Amino acid sequence: MEQLQERKNLIPTHIDVTAPAQGLSGDVTAPAQGLSGDVTAPAQGLSGDVTAPTEPCLQSAGCKNVAPVLNRVGDKWSMLIVMILSNGPKRFSELKRAIDGISQRMLTLSLRGLERDGLVTRTVTPTIPPRVDYELTELGASLREPVKALGDWAIAHIACIRAAQARFDAIADSNS
C-alpha cells in the first residue's frame with residue numbers, strides 16, 4: 001500500500017519551469033490541462049511553437065469522467081443492444097426476443113441507461129396498445145465500429161482465452 005501511495009505522489013500536479021532548456025529552440029504555448037504553472041522551456045527536439053496536449057490526465061478527473069461511460073458501453077447487455085439496433089429501429093418485444101437470456105427488467109434498465117446517455121432514442125406511438133420503438137442516435141451509431149471490432153476480436157481470440165482459462169483453473173485446482 002505504501003508503494004502505491006509513493007507512486008501516486010510521483011504524479012506531477014504542478015510544473016513551474018522558468019529557465020529555457022539548453023540547446024533547444026521554440027516555445028511551449030500552453031501547459032497540459034490539469035497542470036498548473038508556467039512552462040517556458042520548449043519541448044525537446046522540437047522547434048517552432050508547440051502546444052501542449054489538452055486531454056485531461058487519466059490519473060485525475062479523466063478517470064472519474066470516463067469510468068461511467070465505459071461501464072455503460074462496456075456491459076454485455078448494452079453492447080448487444082447496440083449491435084441489434086445497428087440494423088435499424090426495434091420494438092421492445094423484438095429486442096427481448098433477439099437477446100437470449102435478458103430479463104424484461106434488465107432490458108428496461110439497459111435501454112433507460114442508453115437513452116439517458118444519449119445513445120438510444122425511445123419513440124412512443126400513441127396506438128392501442130402503445131407502440132414503443134428504440135433506435136440508435138447519431139452518437140449511439142458511432143459505437144457500432146468499436147463494438148463490432150471488440151466482438152470480432154473476442155471471436156478471433158476465444159480459443160486462446162479458453163485455453164488460458166483452462167490452464168489457470170488447472171493450476172488453481174492443483175493448489176487447492
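**Exercise 1.** Determine which side chain meets Asp-152 in a salt bridge, and where the two residues lie.

*Solution.* Step 1: The side chain of Asp-152 forms a salt bridge with that of Lys-148, at 2.9 Å from N to O. A salt bridge is a side-chain nitrogen of Lys or Arg within 4 Å of a carboxyl oxygen of Asp or Glu.

Step 2: Both residues belong to helix H7 (residues 144-175) and are 4 residues apart, about one turn of the helix. Helices (H or I, at least four residues) and strands (E, at least two) are DSSP runs, numbered from the N terminus.

Step 3: Asp-152 is partly exposed, with a relative accessible area of 39%, and Lys-148 also counts as partly exposed at 39%. Buried means under 20% relative accessible area, exposed over 50%, and partly exposed in between (1.4 Å probe, protein chains only).

The model is predicted: local features need pLDDT of at least 70, side-chain atom pairs count only at pLDDT 80 or more, and totals for chains, interfaces and linings use all residues. Residues are numbered from 1 along each chain as its sequence is written, and side-chain values use heavy atoms, leaving out hydrogens and water.

**Exercise 2.** Describe the surroundings of Asp-133 in strand S5.

*Solution.* Step 1: Strand S4 (residues 120-125) runs antiparallel to S5, joined by 6 bridges; two strands pair if DSSP finds at least two bridges between them. Here Thr-123 stands opposite Asp-133.

Step 2: Strand S3 (residues 90-91) pairs with S5 (residues 131-136) in the antiparallel sense, and Arg-91 has Asp-133 as its bridge partner.

Step 3: Asp-133 forms a salt bridge with Arg-131, their closest N and O atoms being 2.8 Å apart. Asp-133 is buried at 15%, whereas Arg-131 is partly exposed at 34%.
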